[in-house]
Amino acid sequence: MSSKISKAAARFSTLAVEKPKFRYLSAWFCPFAHRATLALEHHSSRVEYEWVEALGWEQREDKNNVTGTGQEWWYHWKADELKRANPSALVPTLIPVDASGKSDESKSVYESLVTIDFVDQISGASGFDRLVPEDFFEAARARIWCDKVNRELCSPYYGVLVRKEDSERKEHFDNLIKGLRNFSKELSKTSGSLFLADNQLSNVDLALVPWAFRYYVFEHYRGDEYVISPERYPELQPYFEWYDYVMEIDAVKRTLPDKNDYLIHIGKYADSSARSKVANAVRRGVSAHELDDEKDEY
Ligand SMILES: N[C@@H](CCC(=O)N[C@@H](CS)C(=O)NCC(=O)O)C(=O)O
């Protein structure tokens, strides 16, 4: 090897080991942030991150009897960094950190579906390791389904929990089952258990995992009628196969919150005493994905 080439190769190999780094503003209970965590863990050999717990809750007296429980839960604390880096001050938010350890809030990345896409791109991964497929048509199909999953399989979760009338909760639950039927049909179009062919993990799988994992809370707070099981919904077999497969992936397993801790946390939503942008939007009668920074501020 000529000395010029070997110097260039040495420089390249130093560059090649330099992984992109982030301060990751998150919250242990948040399913939206869970999406970003999944992408970061999937690419953990290529991307580094420092977890920063950026939200905290406080219980207050319900002076206006909004909840009927006498008590409300408010986000009493948000990291200043989160307020500066994200105009909506929501987790997940990723802030890049340079080689000297300096973070650049002007380049922050947020919105959970965008963070999956972004982490995938910046990881430099290719082929089967990509979360957004390299094939342009498959990438388009996957993005369409991320949006559908968000609207049809994630937002109804909050309707079941936050709405107070049983008829409304049931309506949201029925919409969720309808969405799972659509998802099951789409899963059947390709080989393997995951969304993409041959069990390539994708942005669509990661968009759904946090909520699919959390559907268990329905039984506790809403009763047997809200259990999503193969016995009750045999037509969702592709979805159940997807669930069993995806939950066994190591990068997924190590991100799952403790079921009991989460059950206690989500009680704030189940008795409608949570004050958050998502909870406020659902109380106002729109979907979680339609939250509005002004209308749903608390
Ligand atoms: N559309 C956002 C929603 C994120 C979101 O609502 N995160 C919650 C935690 S689960 C949050 O940061 N809430 C703070 C607030 O409501 O002010 C996304 O997909 O990232």
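**Notebook: the ligand and its pocket**

I began with the largest pocket, which has a volume of about 560 Å³. Here a pocket is an open set of points on a 1 Å grid over the protein atoms alone, where a 1.4 Å probe fits, with protein on both sides within 12 Å along at least five of seven lines. The volume is the space filled by probe spheres set on the points.

This is a predicted model, in which local features need pLDDT of at least 70 and side-chain atom pairs pLDDT 80 or more, while totals for chains, interfaces and linings use all residues. Residues are numbered from 1 along each chain, and side-chain values use heavy atoms, without hydrogens or water.

Next I looked up the lining (residues with an atom within 4 Å of a point). I found 33 residues, of which Phe32, Leu90, Val91, Val278 and Leu291 lie nearest the centre of the pocket.

Then I turned to the ligand, which sits in the largest pocket; that takes more than half of its atoms within 2 Å of the grid points. Around the ligand I found 14 residues, with Cys30, Lys78, Ser112, Lys277 and Tyr298 coming nearest; to be near, a residue needs a heavy atom within 4 Å.

Last, I checked polar contacts (pairs of N or O atoms within 3.5 Å). A side-chain N or O atom of Lys78 is 2.6 Å from a ligand oxygen atom. Backbone N or O atoms also lie by ligand oxygen atoms, at 2.9 Å for Val91 and at 2.8 Å for Lys277. The protein covers 92% of the 520 Å² of accessible area that the ligand has on its own (Shrake-Rupley method, 1.4 Å probe).

Key
A polar contact is a pair of N or O atoms within 3.5 Å; within protein, one must be able to donate a hydrogen and the other to accept it, and residues adjacent in sequence count only if both atoms are side-chain atoms.
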